Amino acid sequence: MDSMNSSFVKLIGLLTGLLALTVVLTAVVGGLVYLGSFGWVFSDRPDLALTEEKPPVNIPANLSLADPAGMWLAPDWTSVEAEANADDIRYGRELVANTAAFLGPAGKVKAMSNGMNCQNCHLNAGTAPLGNNYGSVLANYPKLRARSGTEEDIPKRINDCFERSLNGQPLERDSREMKAMVAYISWLGKDVPKGQMAKGSGIYEVPLLDRAADPAKGKLVYERQCASCHQPDGQGVGKPDGTGYLYPPLWGAHSYNSGAGLFRLSRFAGYVKANMPLGASYESPILSDEEAWDVAAYVNSLERPQKDLSKDWPDISKKPMDHPFGPYSDGFSEEQHKFGPFGPIQDAKSKSK
Ligand code: HEC
Ligand code: HEC
């Protein structure tokens, strides 16, 4: 009895001991894991413990940029058949979508532009809402443009993009290709009343930051959100047959030049905010406003072809806030006109009006 009792007591003692050990071990392991989650115990960089700065978390700013109600939509494509100039319209669309195949460095009509397609920037052949579409072109041209100080018609405006965005030569005004592009762009905008801007045409206006856009922050955005397609060196990826790009270049010799619309920070930020990375749209944008401005600052501080702009903006007081080349009629520096903060420039502009 006694010996049984004492071995029972020993057993209980042993079990209790084991239980206690388990509790202690659990506590120790648990504690280690807990502390480890702060980057403490397991960090090989004790200097970073607890204060380690994580890369900025990209919280998708996926609030729609505009109400889809009333958005401009292109006319139904199948209705082209009924038009007297259907062949021109169809060829025009083809030229906008696959410009390089006809007019790029290896173009079958003429080599006169850099290998990009109009569609690279005017998405879905110029029909995407807030994708730099052509909805309001017919309704608003010809018009006096402050950049040239002259009245511009649609062919002149198309050639602006050839000479700047496609860093190329102007197309003959009476060529079959020019007539076709004008026919297509005019057909797209045929239902927009003269003088009006269709909802969602052109480029989204990103709210201004109260600081200058920061190329260093933009580089991080670029690496995370853009480099996989446009490549770390920004040169994009060409199609194997040499006509156009799978992913167009963002800087360097084959990109848009310093006179292009996208070289203005607000144009670049607005285009990208509503359309990039590929898959973003005005209804589900991916970049925050800050990311859009910063990545614009990064891309537009890298090398690209330069255009002689001495004839642009003959009235310097008409230069937009983000035209990055002086002289200016206000007291702000070239640097501020390039990167911002743009608020004070805007304020000065509205006061002088
Ligand atoms: C690198 C980008 C890029 C490429 C490529 C490009 N454009 Fe543009 N285009 C722009 C930008 C930016 C604007 C100005 C939009 C704004 O400020 O609202 C513009 C404006 C226009 C406009 C005036 C739109 C309006 O509503 O006032 C027309 C027309 C146009 N482009 C035609 C073309 C054609 C045709 C091609 C091909 C030959 C082409 N673009 C290629 C970026 C580009
Ligand atoms: C998944 C691939 C992909 C990613 C990621 C991506 N892009 Fe693009 N990007 C494209 C494609 C494809 C086009 C041309 C669209 C077309 O032709 O329909 C384009 C066009 C552009 C253009 C206009 C054409 C040019 O080359 O100048 C700009 C500017 C641009 N992207 C900027 C960006 C920026 C900035 C980012 C990152 C925030 C980004 N993209 C991320 C695929 C991508």
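**Ligand 2.** I looked up the residue classes around ligand 2: its shell has 17 nonpolar, six polar and no charged residues. Here Ala, Val, Leu, Ile, Met, Phe, Trp, Tyr, Cys and Pro count as nonpolar, Asp, Glu, Lys and Arg as charged, and the others, Gly among them, as polar. The shell holds 23 residues, of which Cys226, Cys229, Pro248, Met276 and Pro277 are the closest. A residue is near a molecule if its C-beta atom, placed from the backbone, lies within 6 Å of it. Two or more residues of the shell around ligand 2 come from each of α4 (118–121), α10 (227–230) and α11 (265–275).

**Source notes.** This is a predicted model, in which local features need pLDDT of at least 70 and side-chain atom pairs count only at pLDDT 80 or more, while totals for chains, interfaces and linings use all residues. Residues are numbered from 1 along each chain as its sequence is written, and chains are lettered from A and ligands numbered from 1 in the order in which they are written.

**Ligand 1.** I then listed what surrounds ligand 1: 26 residues, with Cys118, Cys121, Cys161, Ser165 and Gly261 the closest. By class they are 16 nonpolar, eight polar and two charged. At least two residues each come from α4, α7 and α8, and α7 supplies the largest share, four residues.

**Chain.** I noted 14 helices and four strands in the protein chain; these are DSSP runs (helices H or I, at least four residues; strands E, at least two), numbered from the N terminus.

**Core.** I checked the largest nonpolar core, which has 61 residues; Met181, Tyr184, Val272, Val295 and Ala296 touch the most other members. Such a core is a set of buried Ala, Val, Leu, Ile, Met, Phe, Trp, Tyr and Cys residues joined through C-beta atoms within 7 Å. Buried means that 20 or more other C-beta atoms lie within 10 Å of a residue's own, C-beta atoms being placed from the backbone. Helix α8 gives the most to this core, nine residues. I also looked up Met181, which touches Gly92, Leu95, Val96 and Ile158, leaving out residues up to four places away in sequence. Contact means C-beta atoms, placed from the backbone, within 7 Å.

**Helices α9 and α12.** I looked up how α9 (residues 215–225) and α12 (residues 289–299) cross: their axes come within 7 Å, at roughly 100°. Axes are lines fitted to C-alpha atoms over the stretch in contact, with angles from 0 to 180 degrees between N-to-C directions. The two helices are therefore roughly perpendicular (65 to 115 degrees). The residues of this contact divide into eight nonpolar, one polar and four charged.

Technical notes: Angles under 35 degrees count as roughly parallel, over 145 as roughly antiparallel, 65 to 115 as roughly perpendicular and the rest as oblique. A residue is buried if 20 or more other C-beta atoms lie within 10 Å of its own, exposed if 12 or fewer, and partly exposed in between; C-beta atoms are placed from the backbone. Two residues are in contact if their C-beta atoms, placed from the backbone, lie within 7 Å.
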